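Here's a quick Q&A to go through with the model open beside you. Grab your viewer and follow along.

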Amino acid sequence: MNAVYCPFCRTEYQSTLTHCPNCRVRLVDVPPAAGARFQPVEEVAIARFSARLEAEMCGQVLEEAGIPVVLVPLGPGVAGFGTSLWVPHELRVRADDAQRARAILAEFRKEK
Ligand SMILES: [Zn+2]
């Protein structure tokens with residue numbers, strides 16, 4: 001049985017899981033850097049979007065750059081299943097990645 005890891009909170013899980021139940025990010029099979037597991041993770045919000053699709057698109061750009069992201073729905077509708085598509089979403093990354101993530105996003109949005 002292989003273990004998988006959350007790139008965001010660095011928790012180890014059984015490989016039957018695909019997403020971290022805490023952070024809702026995709027789990028990876030690469031263990032976090034040795035010694036890093038017990039460091040507290042500080043989340044930083046780097047961008048807000050009016051719709052989920054746009055947030056997902058930008059999240060994908062960051063993930064391709066190796067930066068784990070968390071999409072956090074904001075405001076009303078969050079609790080209702082299936083209604084969260086059109087509520088604002090916030091994109092969060094680890095504090096360590098924030099600067100790089102902001103630069104990548106700025107570049108990405110300029111290109112559009
Ligand atoms: Zn996690």
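S50 sits in the loop that links strand 3 to helix 1; helices (H or I, at least four residues) and strands (E, at least two) are DSSP runs, numbered from the N terminus. Keep in mind that this is a predicted model, where local features need pLDDT of at least 70, side-chain atom pairs count only at pLDDT 80 or more, and totals for chains, interfaces and linings use all residues. Residues are numbered from 1 along each chain as its sequence is written.

Q: Is S50 buried or exposed?
A: Count other C-beta atoms, placed from the backbone, within 10 Å of a residue's own: 20 or more is buried, 12 or fewer is exposed, and in between is partly exposed. S50 has 11 such neighbours inside 10 Å, so the call is exposed.

Q: Is F8 buried or exposed?
A: F8 also lies in a loop, the one between strand 1 (3-5) and strand 2 (12-14). Its contacts (C-beta atoms within 7 Å, placed from the backbone) include C20, V41 and R94, leaving aside residues up to four places away in sequence. There are 24 other C-beta atoms within 10 Å of F8, so F8 is buried.

Q: How far apart in space are F8 and I67?
A: Along the sequence, 59 residues separate F8 and I67. Going C-alpha to C-alpha, the distance is 9.0 Å.

Q: Why do the buried residues of helix 1 line one face of the helix?
A: The buried residues of helix 1 are A55, C58, G59 and L62. An α-helix has 3.6 residues a turn, so residues three or four places apart point the same way. Looking down the axis of helix 1, the buried residues line one face because they fall within an arc (taken from the directions from the helix axis to the C-beta atoms) of 105°.

Q: Which residues are exposed on the other side of helix 1?
A: The buried residues of helix 1 pack against strand 3 (43-49), strand 4 (69-73), strand 5 (89-94) and helix 2 (98-111). Turn to the other side of helix 1, and the exposed ones are L53, Q60 and E64.

Definitions and conventions:
Two residues are in contact if their C-beta atoms, placed from the backbone, lie within 7 Å.
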